[in-house]
Amino acid sequence: MDPQRMFGMTPWVRRLLVANLLVFLCQKTVLVDPRFQVIFGFQPLSAVERPWTFVTYMFLHGGLLHLAFNMLALFMFGPPVEERMGGRPFLTFYGLCGLGGAAFSFLLVQLRPVDHPIVGASAAIYGVLLAFAWAWPDQPIYVFPFPAPIPAKWLVTFAVAISLMLALLDVSSGVAHLAHLGGFATAFLYLKAADWRLAQAERQVRRTAQPSVVVQSARTAGGGDASRKRRPPAERENAAAAEIDRVLDKISARGIESLTPAERKFLSETSRKMRGNP
């Protein structure tokens, strides 16, 4: 089942927003000592001594505008991405993009020792932006002050090109451009791998699916209720085969990207069972 929205936000988007807002409030009221940012912000040259900063830096922000930009982007693009991926995969994806931004900065700074402190969720947000454009490349996005909407794919391309140019020119201005690029690269690899695994699963199911194949998923796209468990074996077999046909027909008609998280899970589980894996 898709995540339920509250105030336009899906569960993990809402929790991430609240967590970032609370940490920023603490930064400005209770934890105003500069040492707080030193201890929990990410500094590439000293990151080995503070490994927790690979994660904690994502929840710190350098100012109100920095926080507002990241949270606005998360509010706008996060809910549809979470609905498409599912709650836990979305959180994993968000965290990996943030880690990727820190790791990319850590590796490149070893080649050119410049220890700019890095804070903010921007690396993870760049990953979310790419995931949105990946799923809906032609979705029009209104960006002030442009009078006409910009397709999502061009908006993301422009944002990445700017970060790449500023990183090459070594223009810091307090912005961690390397982290942006690391988050984007991590998201690209994650999404490519997910699409490849799903395409492999589709090919496996198409090769081996037959009316007589016994395939029982833990949960089909409609969910696994108690009445389904009480069905006779032949009826369960027919229901599973019908569900396989429905998912494959949907892929043929609308593309593999049209599958819901439950349908993606069903396809992966079916492929794994057909290969004889538990």
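Modeller: Let us start with a term. A charge is said to sit over a ring when NZ of Lys or CZ of Arg lies within 6 Å of the ring centre and within 35 degrees of the ring normal. In this predicted model, arginine 15 meets that description: its charged end sits over the ring of tryptophan 12, 4.6 Å from the centre of that ring.

Biologist: How many residues of α6 are buried, and which ones are buried in α11?

Modeller: Buried means under 20% relative accessible area. In α6, 13 of the 14 residues are buried, and the helix is mostly covered. In α11 the buried residues include Pro261, Phe266, Leu267 and Met274, and also the charged Glu263, Arg264 and Glu269.

Biologist: How is a pair of aromatic rings described?

Modeller: By the distance of the centres and the angle of the planes. The structure holds 9 such pairs. In one of them, phenylalanine 132 and tryptophan 136, the ring centres are 5.1 Å apart and the planes are at 50 degrees, so the pair is tilted. Phenylalanine 132 counts as buried because its relative accessibility is 7%, while tryptophan 136, at 29%, is partly exposed. Tryptophan 134 and phenylalanine 188 make an edge-to-face pair, with 5.7 Å from centre to centre and 75 degrees between the planes. That pair links distant parts of the chain: tryptophan 134 is in helix α6 and phenylalanine 188 in helix α8 (residues 177–208), 54 residues apart.

Biologist: Are tryptophan 134 and phenylalanine 188 buried or partly exposed?

Modeller: Tryptophan 134 has a relative accessible area of 26%, so it is partly exposed. Phenylalanine 188, at 37%, counts as partly exposed.

Biologist: Which residues form an aromatic cluster?

Modeller: Phe42, Phe54, Tyr57 and Phe106 form one cluster.

Biologist: And which residues form a nonpolar patch on the surface?

Modeller: Val38, Ile39, Phe40 and Trp52 do, with about 320 Å² of accessible area together. Valine 38 is found in helix α2, residues 34–40, and counts as partly exposed because its relative accessibility is 38%.

Biologist: Now salt bridges. How many does the structure hold?

Modeller: It holds 4. In one, the side chains of glutamate 243 and arginine 246 meet at 2.8 Å, N to O. An α-helix has 3.6 residues a turn, so residues three or four places apart point the same way. Glutamate 243 and arginine 246 are 3 residues apart in helix α10 (residues 233–254), so about one helical turn separates them. Glutamate 243 is buried at 13% relative accessible area, whereas arginine 246, at 36%, is partly exposed.

Biologist: What is the N to O distance between glutamate 263 and arginine 246?

Modeller: Their side chains meet in a salt bridge at 2.9 Å. This pair links distant parts of the chain, with glutamate 263 in helix α11 and arginine 246 in helix α10, 17 residues apart. Glutamate 263 is buried, with a relative accessible area of 5%. Lysine 250 and glutamate 263 also meet in a salt bridge, at 2.8 Å, N to O. Here lysine 250 lies in helix α10 and glutamate 263 in helix α11, 13 residues apart. Lysine 250 is buried at 14% relative accessible area. Through shared partners, the salt bridges join Glu243, Arg246, Lys250 and Glu263 into one network.

Biologist: One more residue: where is glutamate 202 found?

Modeller: Glutamate 202 is in helix α8 and is buried, with a relative accessible area of 15%.

Terms used. Residues numbered from 1 in each chain as written. Predicted model: local features only at pLDDT ≥ 70, side-chain atom pairs only at ≥ 80, totals over all residues. Heavy atoms only, no water. Buried < 20%, exposed > 50% of the residue type's maximum accessible area, 1.4 Å probe, protein only. Helix = DSSP H or I, 4+ residues; strand = E, 2+ residues; numbered from the N terminus. Patch = residues over 30% accessible without salt bridge, like charges linked within 9 Å, V, L, I, M, F, W, Y side chains within 5 Å. Areas by Shrake-Rupley, 256 points an atom, 1.4 Å probe, with all protein chains shown as cover. Phe/Tyr/Trp six-rings, centres within 6.5 Å; stacked < 30°, edge-to-face > 60°.
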